[in-house]
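This report looks at a single protein chain.

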Amino acid sequence: MREAHPVERAVGMAYYVSDADGIGGRIREAAADFRVREIEAFDAEPLDADAGSYPHVLARVTLTGWDTNDFAGRLSDAMEISRERVDWAGTKDKYAVTTQLFSVYDVDPEAVPEIRDAEIEIVGRAGRHLSYGDLAGNAFEIAVREPDHPETADEITEQLRAFAGDNEELRSSSNRKPSGSGDADGGRIGVPNVFGHQRFGSRRPVTHEVGLAIVRREWREAVLAYVGNPYQSEPADTREARAVVDEQAASDAPDWSACLDVMPRKLGYERSMLHRLDERGADADAPPEDWRYALEAVPSNLQRLFVNAAQSYAFNRIVSERLARGLPLARPVAGDVVCFADTDAPADLYRPDPDRTQVATERRVDVMRRHCERGRAFVTAPLVGVETELASGEPGEIERAVLDDLDLDPGDFDLPDQFHSTGTRRAVLLRTRVATDVDADEDAYDLSFSLPSGSYATVLLREYLKTDPTDL
């Protein structure tokens, strides 16, 4: 295995699992180079259905260059409604063309406005709002511009096929290829199902630091990790503003209004927290409730994301330690917790069902191994929460060692309101089909593939490009 880029190691991704050199190149030269379309799994009622029974209006929106949270804010502002009335199933990349569903509570469909760089199609009504995960997956079409070594792609594909445990039984489990793959289908591949660096902040990976502070009930540290804590990769005015926050936070009588004066208006969440700190006159001796009050100035989904990022960081660390010890990801060893495949998933979408698990005991491990080899089951690791049951054997040793190192315990996630998490388990291997093609006319290398919801395209792209992850 090759050691990962330092930026990735900082968020728990320690290795590449393919040894071949990367193809290099650049993505997102234009938004259209990175296309994402939701594979929908949410049924809509007709638009003329009773609004009392089905108060949520569903819209399929194609966005160009929009962050999902920012678009939701723009939509709610334009309709003069609370931001909390807008929901979606999955957060998408900003520097892309993305197609996804949104739900808007208790509005007239005709009042949905036109918004720049957004194509909005009203598709029906629903009895509840969209929630995270209300989609089967995402289909990607990605162009890598000016690749340095496109000839290495086939070698990478073969190494990732071997890593996935590709075999005749797995190949015969489904005969479909990705739409439009033609002869360029490289077969089923596998990569670690880790959380991509953008989960933690593409340019400023701090969401897990905020989350870890929250789980430890260190509310002041959580706020300052988000509002202060400048990163060199940020614009100069942002770095300077965050430095002022750190300076004021260290004083006996912080002047939060001075921080607001220098904080760029584009950083709306930071400004919202500062307003609340100023309102409470919070200082180092302020009660924890004042700092938590400031943290709760951000939307509820972002509050959850902080804790989710802490869970994701621990998960990445567990997967990396498993790789370091030579434990397989494609098949279980004794003590592993295995989940079964989602039988309702679309063909060729290898989607785990974390609600259906079984322990691979010494007596059952061979049976569970065969299920995994046939694509019917997946080895898992914890996204730790209050209801998490850790594995046994060596997998359990790894899980406990990482949590001990992070000073975490499942009971720590018994937190108030949006910060609470019951936890779950997540497959450690991401399987998919990948179709590749060299576009000589455009000097580009094209990749297309589909992933189950919750998995990251960048964890596949990183194996092919092996470049600075901030360029992904």
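The model is predicted. Its average pLDDT is 92, and 95% of the residues score at least 70. Residues 169–186 stay under 50 in pLDDT; for this segment the model has 37 contacts beyond four places in sequence.

The largest nonpolar core has 98 residues. Ile214, Trp256, Leu295 and Tyr464 have the most contacts inside it. Helix α11, residues 300–324, supplies the largest share of this core, with 11 residues. Another core, of 18 residues, lies apart from it and includes Trp88, Phe102, Val104 and Val112.

| Core | Number of residues | Residues named |
|---|---|---|
| Largest nonpolar core | 98 residues | Ile214, Trp256, Leu295, Tyr464 |
| Another core | 18 residues | among them Trp88, Phe102, Val104, Val112 |

Leaving aside neighbours within four places in sequence, Tyr464 is in contact with Gly22, Ile23, Gly24, Ala153, Ile156, Thr157, Leu160, Ile189, Val434 and Leu447.

Helix α7 covers residues 236–249. With 14 residues at 1.5 Å a residue, α7 should span 20 Å, and its end C-alpha atoms are 20 Å apart, which agrees. Thr238, Ala241, Arg242, Val245, Gln248 and Ala249 are buried in α7. Seen down the axis of α7, its buried residues fall within an arc of 120°, so they line one face of the helix. An α-helix has 3.6 residues a turn, so residues three or four places apart point the same way. Exposed Glu240 and Glu247 sit on the face of α7 turned away from its buried side. The cover over the buried residues of α7 includes α6 (219–227), α8 (256–262) and α9 (268–280).

How values were computed: Residues are numbered from 1 along each chain as its sequence is written. This is a predicted model: local features need pLDDT of at least 70, side-chain atom pairs count only at pLDDT 80 or more; totals for chains, interfaces and linings use all residues. Side-chain values use heavy atoms; hydrogens and water are left out. A nonpolar core is a set of buried Ala, Val, Leu, Ile, Met, Phe, Trp, Tyr and Cys residues joined through side-chain atoms within 4.5 Å. Buried means under 20% relative accessible area, exposed over 50%, partly exposed in between (1.4 Å probe, protein chains only). Helices (H or I, at least four residues) and strands (E, at least two) are DSSP runs, numbered from the N terminus. Contact means heavy atoms within 4.5 Å. The expected span of a helix is 1.5 Å times one less than its number of residues. The arc is that of the directions from the helix axis to the C-beta atoms. pLDDT is the predictor's confidence in each residue, from 0 to 100.
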